[in-house]
Amino acid sequence: LLCFAFSFGVATLSIPKMIPRILPRYVYIIPFASLILIGVLSVVIMNFQHGLILCWTVLPFIGFSFGVVHIGTEMCVLEVQPKQHSGKVSAAKGAVKLTLRALGILLVGLW
């Protein structure tokens with residue numbers, strides 16, 4: 001978990017320093033990092049037998065690609081939204097996130 005969190009933090013802090021504006025030139029980074037994330041999660045983790053090797057080699061890649069996807073989408077949202085409605089967009093995003101989280105917990109609890 002430490003490797004994952006550290007690499008996620010490095011990606012979250014380094015990407016905005018390297019890329020001041022993500023739209024429209026660098027928007028391809030988000031689907032590329034998403035494909036890496038899906039590929040690593042679906043192929044590598046399913047075929048790995050050794051947990052220690054997985055922890056020290058694969059989890060940093062997962063954390064970094066997840067951080068790139070996270071900060072890239074945040075940068076896109078901040079660039080696209082109008083300045084006068086920034087609080088409304090943030091509140092709506094938080095409301096959707098919390099609602100989906102609550103729905104997921106409800107479904108898991110019912111199952």
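Predicted model: local features only at pLDDT ≥ 70, side-chain atom pairs only at ≥ 80, totals over all residues.
Residues are numbered from 1 along each chain as its sequence is written, and side-chain values use heavy atoms, with hydrogens and water left out. You'll find four helices and zero strands in the chain, with helices (H or I, at least four residues) and strands (E, at least two) taken as DSSP runs numbered from the N terminus.

**Overall shape**

- Along the sequence, the pattern reads α-α-α-α.
- The chain is more spread out than a compact globule, because its radius of gyration is 17 Å, well over the 13 Å that the globule rule gives for 111 residues. That radius is taken over C-alpha atoms, and the rule is 2.2 Å times the number of residues to the power 0.38.
- Along the principal axes, the C-alpha atoms fill a box of roughly 50 × 45 × 20 Å.

**Surface and contacts**

- Of the 111 residues, 22% count as buried; buried means under 20% relative accessible area, exposed over 50%, and partly exposed in between (1.4 Å probe, protein chains only).
- Take the contacts (heavy atoms within 4.5 Å) between residues at least 6 apart in sequence: 79% of them join residues at least 24 apart.

**Helix α2**

- Helix α2 covers residues 29-47, and its 19 residues should span 27 Å at 1.5 Å a residue; the end C-alpha atoms sit 26 Å apart, which agrees. The expected span is 1.5 Å times one less than the number of residues.
- α2 has a kink of about 30° centred on Val40, the bend being the angle between axes fitted to the seven residues ending there and the seven starting there.
- Val40 is also one of the buried residues of α2, along with Ile29, Ile30, Ala33 and Leu37.
- From Ile38 to Ile62 is 24 residues in sequence and 9.1 Å in space, C-alpha to C-alpha.

**Ser7 in helix α1**

- Ser7 sits in helix α1 (residues 2-18) and is buried, with a relative accessible area of 8%.
- Leaving out residues up to four places away in sequence, Ser7 touches Leu59, Pro60, Gly63 and Phe64.
- A polar atom of the Ser7 side chain lies 3.1 Å from the backbone oxygen of Pro60.

Technical notes:
Polar contact = N/O pair within 3.5 Å; in protein donor to acceptor, adjacent residues only side chain to side chain.
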